[in-house]
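Thanks for coming. I have one model to go through today, and I will keep to how its two chains meet.

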Amino acid sequence: MHIGRLYAEAFRNLDTLEWRPHRHFNLITGDNGQGKTNLLEALSVAAGLRSFRTAKLGDCVRFGADKATVAVQLERQAVRVDLAVQFRASGRRLFLDGRAVSGAADYLGRLVVVLFVPSDLHLPHGEPDQRRRYLDRVVFNHDAAHLLDLRQYERVLTSRNALLKQHKVAPIDPQMLDVYDVLLARHGAVVARRRLDVLRHFTPQVREVFARLAPAGLEADLRYVPKGFASEEAADEATLLLALRGQRTRDLALGYTSRGPHRDDLEFVLAGRPAHAHASQGQSRTLVLALKIAEIQSLEAALGEPPVLLMDDVSSELDEHRNRALMTCIDALGGQVFLTTTDAAHIRVAAPRQIMDMRAGALHPGPTFGRGGQGSTGPENELQDITGGSE
Amino acid sequence: MQLPLAIERLAALMGKLPGVGDRTAQRLALHVLGQPSEYAQALAQALAELHGAVRFCSRCHHLSTAALCGICANPHRDGRLLCVVEDVPDLLAIERSGEFGGLYHVLHGVLSPLRGVGPRDLTLEDLVRRVDEEAPEEVILATSVSVEGEATASYIQTLLRGRSVRLSRIASGVPQGTDLEYLDQGTLGRAMRARQPLERG
């Protein structure tokens, strides 16, 4: 799949933008604060209706504007679909081929992107919730039903937590907690089961990619670490229920549910030891790179075509060797890539490309550089690339 | 343009009805004004008598004019079946289906810790008493298929534990006349899990 056209209006600092990106490789250069990340953010909002920087889409509306619009023309296996999202502080409207659609379910899943931002590099050392979100995204890519199950689990969880909090004010009916223990165990087992199932396929992929990137002999692994159980028990409803009952006194004192799939962790393992404690910075970066590449490959297998890649200034964080590995992967992928950088010298790909320069929220055709020397890759050449049999 | 106070007041009251906005409320008020005054009289009388004339059935908590509602007072209803519903509209929907000849019990809500609705806010004590006194053979839990509806059904299950009554939960799955391809994945998933065996021809 690729984006044939992008339109953005009143999105953060971006000027009203109408752009026909290259179908393979788009490099966006520019100094910090010019709007490069905003452009990637606009694309990720068009894909997933969520921003990777803020929980409230309303924050993306340019100051003083009433609403923002992002529209993309998506080409997927030669079928063109127009996706548009219009949002303001109070809500959002979605359009498919110009017609309003009511539910996100009809909209999501058409444009599929993989995002790679510098903060991803902290994944091995960061907070468990970041790793859980990563895992749930990988699981969702395999099985869209995961999102619904996760939401239901969260609804039961917030209900149980509300009960625990009420107990601090006035004693609650213990039978109510019994009921929510049973429901939480039932929905929690579904969530954990699916995570474990997907990891069984996904972990070997990560191991394989890592082995290609890392020095010979160094092995990586992923381990699902439920808080307080062995990993296979996490998906067992009866075990979960027993644990919830066992921790009730503590949960009542805390006012929240102290264990369950919402607290489980995905541990990254290097040479048999937990990466968060033992990996060097370089090793953990290689690990994250392997995770991202494996995520892209698993999505490609699921979709039957490569997803669109959005990479925000990642190359400057990687050394020469890892950068080359990443660029090789991008070349091999053959899908559409949007890559921002402050220093174009990092970027060496063989794929046909378009270079744009972001200055104060406006995109300008960029300079020529890099290998190949096929001349300018402005919009005119991009058209030639599309029509001129670069496939 | 200002309207006479009598119209403004009626419009303001109409505007409190669900699904009625300011402009519709004004249109309704003007419409009532445009009708013969007998209509307004009849409407006013119907409204005035509403609360005095309607009460809850002392047995099942359905809306009623007498101590017992029409369903509970009907000797042809099957007292061996007791169907628990969240609210009156749910009862009416099941009645329209014509599939159920037993008695009802209306909870007037669902358990929801998030909205502060606890067991005492529902008619659960009466339900337990009815099961003990009327000894139905089967209690059908027809609360909605949502987290709150499931929690309420589970809670009733705990309340009735140790009693000999049979408990059942209404099925959920594929609606009649629906193409599978248009079903949401949650519904379809549940329908797959709750599939029914067929007799071998």
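Across the interface of chain B and chain A, three residue pairs are in polar contact, both partners at pLDDT 80 or more. A polar contact here is a pair of N or O atoms within 3.5 Å; within protein, one must be able to donate a hydrogen and the other to accept it, and residues adjacent in sequence count only if both atoms are side-chain atoms.

On the conventions: this is a predicted model, where local features need pLDDT of at least 70, side-chain atom pairs count only at pLDDT 80 or more, and totals for chains, interfaces and linings use all residues. Residues are numbered from 1 along each chain as its sequence is written, chains are lettered from A and ligands numbered from 1 in the order written, and side-chain values use heavy atoms, with hydrogens and water left out.

Which side chains meet in a salt bridge? Those of Arg155(A) and Glu148(B), at 2.6 Å, N to O. The rule, a side-chain nitrogen of Lys or Arg within 4 Å of a carboxyl oxygen of Asp or Glu, finds one salt bridge across this interface.

As for extent, 16 residues of chain B are in contact with 18 residues of chain A, contact meaning heavy atoms within 4.5 Å. The two chains bury about 1500 Å² between them, 64% of it on carbon and sulfur atoms; that is accessible area (1.4 Å probe) lost on being put together, summed over both. In chain B, Pro113(B), Leu114(B) and Val147(B) lose the most area to chain A, together 39% of what that side buries.
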